[in-house]
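Hello,

Here is the structure for you to look over. My notes follow below it.

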Amino acid sequence: MSRQYYIAGNWKMHMTRAESASLAKAMVEQLKDGKHKYLVAPSFTGIETVGAIVKGTNIRLGAQNCASEEQGAHTGEVSVLQLKDLGVQTIILGHSERRHVYKEDDALINKKVKLALKHGFEVILCIGELLEEREAGKVEAVCETQTVKGLEGVTAAELANVVIAYEPVWAIGTGKTATPEDADAAQAFTRKVIAKLYGQDAAEKIIIQYGGSVKPDNAAQLMAKENIDGALVGGASLKPESFIPIAKFA
Ligand code: PGA
């Protein structure tokens with residue numbers, strides 16, 4: 001496979017600045033000989049601290065969300081301009097917690113995707129089905145809708161800065177991982193959707209991560225699958241003991 005593996009840590013709403021700094025330092029130290037592409041996405045409040053630590057290393061700096069508008073009267077939101085000012089390179093958008101807890105819909109997520117790409121960020125667009133959707137046989141329909149609508153208006157050139165993270169909602173933070181076969185099937189299908197939209201070459205190139213209870217003991221089996229090009233890691237990214245073995249899976 002010519003695609004580079006991409007392992008990302010999503011710290012969600014965890015950690016003070018001091019805790020963030022200590023984890024980021026451990027990551028820098030222990031991943032300096034890492035062979036893959038890496039990202040850390042702290043809470044907004046930790047971005048500046050972590051950014052100073054990962055600057056110039058092989059770990060990219062990420063944010064977990066951004067506002068759909070560039071700036072203005074949007075109390076409680078954080079803009080792409082502010083993230084750029086902090087040195088953020090990548091923005092995670094459409095995470096299931098944003099979709100299902102904070103009710104972000106495909107149209108809003110698409111607006112954010114386009115804005116982030118316009119400002120030169122790499123975007124990790126998260127997609128994935130609820131348990132009832134899986135049980136109703138709707139995995140492909142959900143992946144297709146969220147991919148097509150999430151990328152509406154995104155040009156072929158911009159797609160080079162897009163990563164997709166397939167994260168079945170029932171697997172996130174539950175300890176229930178999708179089987180490598182189920183994850184690979186959903187991701188192979190999603191790659192076909194990209195091929196339909198942007199052509200075969202773009203589909204071969206796009207990185208599709210898996211997310212949902214990735215742990216040191218299941219990372220290698222997942223990553224061995226043809227269509228799984230990395231991981232978006234939540235819980236296990238909060239400690240070096242669990243994140244480093246995932247990031248250095250063999
Ligand atoms: P988890 O979270 O690894 O804790 O399941 C993954 C994610 O939400 O990106």
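**The cavity**

The largest cavity holds about 40 Å³ of space. Please keep in mind that this is a predicted model. A search of the whole structure turns up one cavity of 30 Å³ or more. Which residues line the largest cavity? They are G94, H95, S96, R99, H100, C126, I127, G128, Q146, E167 and V169. Two elements, α4 (96-101) and β5, each give two or more residues to this lining. Helix α4 supplies the largest share, three residues. By class, the lining of the largest cavity is three nonpolar, six polar and two charged residues.

**The barrel**

Now the fold. Eight strands close into a barrel. Their order is β1-β2-β3-β4-β5-β6-β7-β8, and the pairing is parallel. From one strand to the next, the twist averages 25°.

Take one pair as an example. Strand β6 covers residues 162-166, and strand β7 covers residues 208-211. The two run parallel and are joined by three bridges. Opposite A165 stands Q209, in β7. Helix α9 (residues 180-198) packs on the sheet. Its contacts there are with β5 (122-127), β6 and β7. The direction of α9 makes about 145° with that of β7.

Next, the open space. The largest pocket contains about 540 Å³. It is lined by 21 residues, and the closest to its centre are K12, M13, Q64, R98 and Y102. How does the lining of the largest pocket divide by class? It has nine nonpolar, eight polar and four charged residues.

**Q64 and its contacts**

Q64 is one of the residues closest to the pocket centre. Where does Q64 lie? It sits in the loop between β3 (59-63) and α3 (80-85). One belongs to K12, at 3.0 Å. The other belongs to P42, at 3.2 Å. Leaving aside neighbours within four places in sequence, Q64 is in contact with N10, W11, K12, M13, A41, P42, S43 and I92. K12 and M13, both in that list, are also among the residues closest to the centre of the largest pocket.

**The loop between β1 and α1**

Most residues other than glycine have a negative phi. K12 is not a glycine, yet its phi is positive, about 50°. M15 is found in the loop between β1 and α1 as well. M15 also has a positive phi, near 85°, and is a residue other than glycine. Please check the backbone at K12 and M15 when you open the model.

**Helix α1**

The E29 side chain makes a polar contact with the side chain of K32, at 2.8 Å. E29 and E48 are 19 residues apart along the chain. Their C-alpha atoms are separated by 19 Å.

**To recap**

The barrel has eight strands with parallel pairing. The largest pocket, at about 540 Å³, has K12 and Q64 among the residues closest to its centre. The side chain of Q64 reaches the backbone oxygen of K12. The largest cavity, at about 40 Å³, takes the largest share of its lining from α4.

Best wishes

Key: Residues are numbered from 1 along each chain as its sequence is written. This is a predicted model: local features need pLDDT of at least 70, side-chain atom pairs count only at pLDDT 80 or more; totals for chains, interfaces and linings use all residues. Side-chain values use heavy atoms; hydrogens and water are left out. On a 1 Å grid over the protein atoms alone, a cavity is a set of points where a 1.4 Å probe fits but cannot get out, and a pocket is an open set with protein on both sides within 12 Å along at least five of seven lines; lining residues have an atom within 4 Å of a point. Grid points are joined across faces, edges and corners, and a volume is the space filled by probe spheres set on the points. Ala, Val, Leu, Ile, Met, Phe, Trp, Tyr, Cys and Pro count as nonpolar, Asp, Glu, Lys and Arg as charged, and the others, Gly among them, as polar. Two strands pair if DSSP finds at least two bridges between them. Helices (H or I, at least four residues) and strands (E, at least two) are DSSP runs, numbered from the N terminus. Axes are lines fitted to C-alpha atoms, for helices over the stretch in contact, and angles run from 0 to 180 degrees between N-to-C directions. Contact means heavy atoms within 4.5 Å. A polar contact is a pair of N or O atoms within 3.5 Å; within protein, one must be able to donate a hydrogen and the other to accept it, and residues adjacent in sequence count only if both atoms are side-chain atoms.
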